[in-house]
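Morning, everyone. Let me put the model up, and then we'll go through it.

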Amino acid sequence: MYIVCVTSCPVGIAHTYMAAANLEKAVKAKGHEVKVETQGAQGVENEITAEDIGRADGCIIASDVRIKNSGRFEPVPTLTVGVSAVSYTHLRAHETLANL
């Protein structure tokens, strides 16, 4: 299974990157492939491409703000959660992954 994720928070510093790390850890722990795009203070990093979306079995958007180009995920089953749902522990990220 290949999961793509996008993380973003209002300030774009700590929670964006904590959520990205926890989602990556949780997806890999389940034996799946993952790509996580961050939309933080540095702009878009590790951008998810059309090829990634074409391969994706699911998408998790962990964000408290509107993400850039959200329409590109329409063909993929997508779960949207607040960034705090996965920022503090990868265990909550596991729960989020289970709901996808």
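I'll start with the whole protein, then take two residues.

First, the ground rules. This is a predicted model, where local features need pLDDT of at least 70, side-chain atom pairs count only at pLDDT 80 or more, and totals for chains, interfaces and linings use all residues. Residues are numbered from 1 along each chain as its sequence is written, and side-chain values use heavy atoms, with hydrogens and water left out.

The fold. We have four helices and five strands. Those are DSSP runs, numbered from the N terminus: helices are H or I, at least four residues, and strands are E, at least two. Along the sequence the order is β-α-β-β-α-β-β-α-α. Of the 100 residues, 47% are buried, meaning under 20% relative accessible area; exposed is over 50%, and partly exposed lies in between (1.4 Å probe, protein chains only).

Now Glu 24. Glu 24 sits in helix H1, residues 14-29. Why is Glu 24 called partly exposed? Because its relative accessibility is 33%. The Glu 24 side chain makes a polar contact of 2.9 Å with the side chain of Lys 28. A polar contact is a pair of N or O atoms within 3.5 Å; within protein, one must be able to donate a hydrogen and the other to accept it, and residues adjacent in sequence count only if both atoms are side-chain atoms. Setting aside residues up to four places away in sequence, Glu 24 touches Val 34 and Val 36. Contact here means heavy atoms within 4.5 Å.

Last, Arg 72. Arg 72 lies in the loop between strand S4 (58-63) and strand S5 (78-81). Its side chain reaches the backbone oxygen of Asn 69 at 2.9 Å.
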